[in-house]
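Load the model and colour it by secondary structure.

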Amino acid sequence: MDVLRLPSALRSSLLRQPAVRRLLHTGTYFVPHNDVQPPALLAAPALLTLSSNTLNSYQVGLAPTSTHLRFANAYFTAAPPEYLFTAPYFRSFPPSSHPEVAFLGRSNVGKSSLLNALFGRPNMKDAHVSKRPGRTRTMNGFGVSGGLALGAAPKEAQREAVWRRFPRGGCVVVDMPGYGGGSREIWGREAMKYLESRKQLRRTFVLVDTEHGLKRTDVELLTHLRRRGIAHQIILSKADKLLYPAARPPGPLKLNNGLLKIRDLCGSIRSTLNEEAGGRDAMVDILCCSAEKGLDEKRHRRLGIDEVRWAVLTACGLECDENGARKKGLSQDIKILEEEE
């Protein structure tokens, strides 16, 4: 007990007691104030750095390793994408045996730019980019082969569709029409038929603008996918608006603040979806990417694009092993009975 901290009246009363006075002379009743060590200060939390775990929010899957990201990058850039088909209606889709993933989002959310970056051809415009909302009016399939060769070209008299020669071990990326302002209701009906009934569909990627967050149409679509049990992931496009608002990459502090903003945005999205679902937790992975800005000053690797590539490969069962080598026999292609013409 430190006598000096007691009220003056109580301190005077104690000092008049003989036993207390004897303790004062022996010096054994308390540790001198100057010898008391101050409590150690808590270390400041380390600044967040850019990684798959800090950029994205994983609840279902695991964050990819550097080996996974290198494999995904090599897979998507090994060969240009093959334009396979265009389907204005669900009944127009070919009965292929290849796994498919679908990309869709509100009009002008940056879907076409993201797909071009995904294919490693941001300047080739395989997916048409337009300033006018609702430009994509059909469902377009692009084949990513990972460098596998196409089958032999048929003779002129026996010309086949390209998708019939597309190699097993590849996947098909389907560019869906945008919804919301500028889109057409009939395209939405055909798109929902595809999402609900296509057996080859492995996962649906729903794009949300990072700068504007969830819109009502986004919430309605995500809630519908959840209720129907359709596998899906959320992609926050244009993430550079929060991380790289300036021309140059941000410093450590600004990068940390940007990653915290993205973390808060992911939490807000989940809260909104949980409220829509009556309070039940929405277990969904949220990926963040940018089709414009990269991880370095030369912008060879676009922000978060390799993580999206890996998500596509895992959805299609085309992952690599722990050494980064392509797994043999892992792709389980669906056997589809072709309808007689």
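What follows goes from the sheet to its helices, then to the cores and the confidence.

This is a predicted model, in which local features need pLDDT of at least 70 and side-chain atom pairs count only at pLDDT 80 or more, while totals for chains, interfaces and linings use all residues. Residues are numbered from 1 along each chain as its sequence is written, and side-chain values use heavy atoms, leaving out hydrogens and water.

Start with the sheet. It is open and holds 7 strands, in the order β1-β3-β4-β2-β5-β6-β7, with mixed pairing. Helices (H or I, at least four residues) and strands (E, at least two) are DSSP runs, numbered from the N terminus. Two strands pair if DSSP finds at least two bridges between them. β1 (82-87) and β7 (286-288) each have a single partner strand, so one side of each has no neighbour in the sheet. From one strand to the next, the twist averages 25°. Axes here are lines fitted to C-alpha atoms, for helices over the stretch in contact, and angles run from 0 to 180 degrees between N-to-C directions.

β1 runs antiparallel to β3 (residues 139-144), joined by 5 bridges. Y83 faces F142 of β3 there. β3 then pairs with β4, again antiparallel, over 5 bridges. G141 stands opposite V174 in β4. Opposite A102 stands V174 in β4.

Is β4 enclosed or open? Of its 5 residues, 5 are buried, so β4 is largely enclosed by the rest of the structure. Buried means under 20% relative accessible area, exposed over 50%, and partly exposed in between (1.4 Å probe, protein chains only). C171, V173 and D175 point one way from β4, while V172 and V174 point the other way.

Contact means heavy atoms within 4.5 Å. Helix α5 (residues 111-118) touches β2 (100-105), β4 (171-175), β5 (201-209) and β6 (232-237), and its direction makes about 145° with that of β2. Helix α11 (residues 305-316) lies across β2, β4, β5, β6 and β7, at about 155° to β5.

Buried residues in α10 include L255, L259, I262, C266, I269 and L273. An α-helix has 3.6 residues a turn, so residues three or four places apart point the same way. The buried residues of α10 pack against α3 (52-55), α8 (216-227), β6, α9 (240-243) and β7. Just after α10, G278 takes a positive phi of about 80°.

Turn to the interior. A nonpolar core is a set of buried Ala, Val, Leu, Ile, Met, Phe, Trp, Tyr and Cys residues joined through side-chain atoms within 4.5 Å. The largest has 44 residues, and I234 and I269 are among those with the most contacts inside it. α10 gives the most to this core, with 7 residues. Apart from it lies another core of 32 residues, including A117, F142, V144 and L313.

Last, confidence. pLDDT is the predictor's confidence in each residue, from 0 to 100. The protein averages 81, and 74% of the residues score at least 70. It stays under 50 over residues 128-135 and over residues 330-341. Where pLDDT is low, the predicted coordinates should not be read in detail.
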